[in-house]
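Hi,

Here is the structure I promised to pass on. Have a look at it first, and then read my notes below.

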Amino acid sequence: MLKSFLSFLLICLFLLSAGGQSFTIDPDVPVQSLTDTTEITYINSRLGSRFSFSPSFLDVGVHTGSLGFDLDELVELIIGIETPDGMYCFRTSNLPRGARYLQNQTAKMGMTGLQLSGETGTGIKVTATIVSPFAPSDDLEDTGNIKIQIVPAFYILMDIENNSRRQVTGNYLVGFKKFPIAENNDFTLRYWAWERNATELYFADNLNRENKIVLAGMRDKEQRHVSIQGYNALSTPFTINRGNSFADTLIYAAHHSGQVLFNKKYNTPMRFYYNNFWEDVFEVKEYAHENASLLLEKSQKFENILTRSSIDPKEKWVFALSFRSDIANTFFLKDQWGNPGFYVVEGRFRHLNTVDVAHETELMAIFAPWRLKLQLETWTDYIARKEVLVSETYRNGRLVQHREGMSASEYGPFIYHDIGDQPYISAQSDYQFGPHMAVEENSNFPLMLYWYWKLTGDDAFVRSHLGMVDVLLNSILNRDTSGSGLVDRAFGWTTYDKSDAIKRAPENVYLGVKQMMAYLVSADMFESLFVPYRE
């Protein structure tokens with residue numbers, strides 16, 4: 001496994017320029033059959049933008065919205081075709097009257113693409129690929145690639161193959177079981193009472209009525225709005241000779257200009273960083289439309305990293321899943337003064353941590369080292385120096401006190417694992433700080449700083465944080481009362497706190513290895529970068 005992982009990292013570092021002419025997902029990645037008993041949900045989101053578009057086959061629909069799973073909405077997504085043989089749909093919606101599900105439906109997951117495939121049984125194969133654009137970037141000055149990473153837009157690539165013995169004429173449909181609105185938020189029924197030519201449909205975002213999500217075609221004409229039993233969709237005609245295929249592209253985009261989180265430490269609202277580039281959903285749609293070829297080409301090059309890897313197909317699936325999970329849990333924000341901040345949210349707990357113990361952070365740093373830099377900078381703001389009573393509340397008739405700094409801070413400062421509640425950054429209330437991972441997070445900081453240094457060669461940034469490393473390592477050393485070099489007091493919990501043997505055992509192997517590595521990499525940084533003061 002280690003050999004395979006190293007092989008994957010080498011490919012990531014040296015094959016970023018690999019390319020391809022059409023968007024494909026690695027054929028080696030295992031596919032999932034989609035039936036009426038399939039319970040899987042595919043996480044699909046935008047880096048730091050929260051915008052989600054996640055098919056859920058258990059719920060029969062997609063989870064979508066401009067704030068991701070913090071405020072998402074389950075809505076049925078209809079993707080299907082109408083032919084003389086009838087209407088056929090994917091399992092992202094319930095069937096309209098008289099329609100049938102496509103046969104042999106499958107889903108295949110890449111890092112940037114999610115591909116749904118099915119057949120009519122009459123020789124027509126339908127493939128819908130949802131692409132979440134991505135391109136590697138070195139720093140925030142790399143504006144072109146940053147915009148590709150964070151634009152709140154997806155592409156839906158439709159491909160219809162005619163493997164029958166005759167020419168096929170019909171329409172393909174993409175839409176939602178949701179009432180559309182006009183661009184000016186007019187909900188009048190008369191506006192949508194008759195089918196009409198339309199290249200875009202606007203829907204209200206679950207966030208609020210003023211927030212709009214748009215489904216837009218790439219054609220100037222031919223498409224029209226259709227309404228079928230509550231589904232409102234764009235319908236596009238096609239005529240395909242036998243042995244040929246038809247391809248088309250749609251855009252699904254959103255925008256959120258308001259406050260996302262509030263930084264209670266600096267008393268400032270936080271908005272999405274993408275507001276630096278796009279003021280509303282119309283500008284997002286225009287950017288995605290005008291730059292579709294570039295964004296899809298860059299995404300394909302990135303996808304080819306996985307394709308060209310020699311790792312096991314199941315490991316490819318895990319890497320794709322890890323990449324998607326990481327992206328879905330990220331906030332890329334700016335404060336009222338324009339200062340950027342990158343945060344990782346810990347699932348539906350909604351409290352935030354900066355550099356988490358998950359391996360996605362190390363992997364993503366290869367493709368976007370600037371986000372690790374921002375996370376490290378933020379982490380220095382959240383240090384426990386003493387135990388402080390934050391609040392008290394009654395729960396089930398019992399007084400519960402909420403404290404910070406509860407992991408024996410008398411041994412020295414340590415970094416919070418979670419920075420999720422007052423006076424920090426969160427939408428979560430009544431969250432008691434924890435688990436405190438004093439030794440693990442104090443070790444993580446120099447380890448992640450070293451990783452960033454080796455990826456970027458940014459001596460100045462690393463040098464400016466050596467004082468922080470010194471404080472954290474001395475705090476670790478203070479927790480070694482036996483003189484063994486490894487902590488035996490006040491180490492808090494660990495990543496593997498489900499095991500009491502690991503959580504409570506002094507000098508356990510997991511924490512021991514982290515400490516030793518933190519000492520070694522810190523020695524390297526100090527030897528190379530520390531400039532002693534001379535009178």
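This is a predicted model: local features need pLDDT of at least 70, side-chain atom pairs count only at pLDDT 80 or more; totals for chains, interfaces and linings use all residues.

A term to start with: buried means under 20% relative accessible area, exposed means over 50%, and partly exposed is in between, using a 1.4 Å probe and protein chains only.

Residues are numbered from 1 along each chain as its sequence is written, and side-chain values use heavy atoms, with hydrogens and water left out.

Salt bridges

Side chains of opposite charge can pair when their charged atoms come close. I call it a salt bridge when a side-chain nitrogen of Lys or Arg is within 4 Å of a carboxyl oxygen of Asp or Glu. How many salt bridges turn up in the whole structure? The search finds twelve.

You'll also see helix and strand labels: these are DSSP runs numbered from the N terminus, with helices (H or I) of at least four residues and strands (E) of at least two.

Another salt bridge joins the side chains of Glu73 and Lys178, at 2.7 Å from N to O. Again, distant parts of the chain are linked, with Glu73 in strand E4 (residues 73–75) and Lys178 in the loop between strand E12 (168–176) and strand E13 (180–181), 105 residues apart. Lys178 counts as buried because its relative accessibility is 17%.

Then there is Lys514 with Glu440, whose side chains meet in a salt bridge at 3.4 Å, N to O. Lys514 belongs to helix H12 (residues 509–529) and Glu440 to helix H8 (residues 438–456), so the pair ties together parts that are 74 residues apart in sequence. Buried or exposed, these two? Both Lys514 and Glu440 are buried. Finally, a network of salt bridges links Asp26, Asp28 and Lys316.

H8 has 19 residues and spans 27 Å from its first C-alpha to its last, close to the 27 Å expected at 1.5 Å a residue (the expected span is 1.5 Å times one less than the number of residues). Of its 19 residues, 15 are buried, so H8 is largely enclosed by the rest of the structure. Gly457 follows H8 and has a positive phi, near 70 degrees.

Over on H12, look for Val513, which is partly exposed because its relative accessible area is 45%. Val509, Val513, Met517 and Leu520 make a nonpolar surface patch of about 390 Å². Patches take residues with over 30% relative accessible area and no salt bridge, joining like charges within 9 Å and nonpolar side chains (Val, Leu, Ile, Met, Phe, Trp, Tyr) within 5 Å. The areas come from the Shrake-Rupley method with a 1.4 Å probe, and for residues only the protein chains shown count as cover.

Strands and sheets

Two strands pair if DSSP finds at least two bridges between them. Eight bridges join strand E10 (residues 124–131) to strand E11 (residues 153–162), and the two run antiparallel. Met158 in E11 is the bridge partner of Ala128.

Strand E18 (residues 231–240) is mostly covered, with eight of its ten residues buried. E12 and E18 run antiparallel and are joined by nine bridges, with Val174 opposite Leu234 in E18. E17 and E18 are also antiparallel, joined by five bridges, and they form a hairpin with two residues between them. Gln229 in that turn has a positive phi of about 50 degrees.
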